[in-house]
Amino acid sequence: MIKAYLCVNQFNDLAHIFTKPELHLRLRDTAKSCRTYQQLDEKVVELSFDLTKEQVLEYPRDKRFEDLEPGFYKHEHGGFYTFRGDPVLVKEIRTVAKSNIDDPTIPRLTMVAVVDNKDLLKSEYWWNSAEITTLVDRYKPKFMCKGYLHSIVGDDKVRIDYVPVSINEGVLTRVVKDLVEGLAKVGDQLEEVFMDHGTNQEVSILDI
């Protein structure tokens with residue numbers, strides 16, 4: 001068995017994975033590396049493939065995904081797998097890390113919103129619908145934040161957690177510095193862009 005890992009929405013039980021004629025998956029090789037990129041409302045699942053190590057192929061750098069032959073591919077720089085193939089090769093799916101949506105240390109603004117079409121909440125992928133996405137955006141606070149669906153409340157409401165996004169001051173300072181230095185270089189180069197044919201000399205954009 002080959003084991004690989006995937007971050008998926010906490011409400012996604014991946015039952016649909018066995019209903020598709022062909023799977024297209026980008027996976028990680030360890031649960032730890034997967035958790036590094038895990039979103040607040042995502043869980044990490046382990047997929048066990050009915051394959052041996054000898055059946056794992058090197059990912060061809062000169063091919064697009066659309067041109068790949070069905071198979072289980074390992075990327076040259078490590079950490080990633082790409083699978084294109086029959087869903088029957090997935091023999092087991094299990095959750096190895098729950099979502100962090102209930103982490104009490106994470107600050108949040110919580111609200112409960114009414115869903116206009118309550119029958120939508122009975123559908124398998126309600127959390128991925130355009131109506132729910134619009135609902136999350138509709139009540140989004142003015143401060144920088146990300147909205148996460150926490151749970152269904154009753155039969156016609158959803159709980160939404162809005163988590164503030166903070167600014168990394170060190171990175172911001174570096175980006176602004178690079179931007180200013182870049183603009184200064186562009187300004188110097190602009191003086192070489194225009195030619196005054198009256199004097200046959202280069203002229204600054206500020207003088208035009």
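Good morning, colleagues. The structure is a predicted model, in which local features need pLDDT of at least 70 and side-chain atom pairs count only at pLDDT 80 or more, whereas totals for chains, interfaces and linings use all residues. Residues are numbered from 1 along each chain as its sequence is written, and side-chain values use heavy atoms, with hydrogens and water left out.

I begin with the chain as a whole. It contains 3 helices and 12 strands; helices (H or I, at least four residues) and strands (E, at least two) are DSSP runs, numbered from the N terminus. Of its 208 residues, 33% count as buried, meaning under 20% relative accessible area with a 1.4 Å probe and protein chains only, while exposed is over 50% and partly exposed lies in between. Contact means heavy atoms within 4.5 Å. Among contacts between residues at least 6 apart in sequence, 62% join residues at least 24 apart.

Let me turn to strand β1, residues 2-9. Why is β1 described as largely enclosed by the rest of the structure? The reason is that 6 of its 8 residues are buried.

In the loop between β1 and β2 (23-28) we find leucine 14. Leucine 14, although not a glycine, has a positive phi of about 60 degrees. Leucine 14 is also buried, with a relative accessible area of 5%.

Next comes an open sheet. Three strands make up this sheet, in the order β8-β10-β9 and with antiparallel pairing. Strands β8 (109-114) and β9 (145-153) stand at the edges with a single partner strand each, so one side of each has no neighbour in the sheet. From one strand to the next, the twist averages 25 degrees. Strand β9 pairs with β10, residues 157-164, over 8 bridges, and glycine 147 stands opposite tyrosine 162 in β10.

Finally, I come to the pocket and the cavity. On a 1 Å grid over the protein atoms alone, a cavity is a set of points where a 1.4 Å probe fits but cannot get out, a pocket is an open set with protein on both sides within 12 Å along at least five of seven lines, and lining residues have an atom within 4 Å of a point. The largest pocket has a volume of about 200 Å³, a volume being the space filled by probe spheres set on the points. Of its 13 lining residues, the closest to the centre are Trp127, Thr133, Val136, Gly147 and Leu149. Helix α2 and strand β9 each supply at least two residues of that lining.

The largest cavity has a volume of about 30 Å³. Which element gives the most to its lining? Helix α2, residues 130-138, does, with 4 residues. The cavity is lined by Val114, Val115, Asp116, Glu131, Ile132, Leu135 and Arg138. Thank you.

Methods: Two strands pair if DSSP finds at least two bridges between them. Axes are lines fitted to C-alpha atoms, for helices over the stretch in contact, and angles run from 0 to 180 degrees between N-to-C directions.
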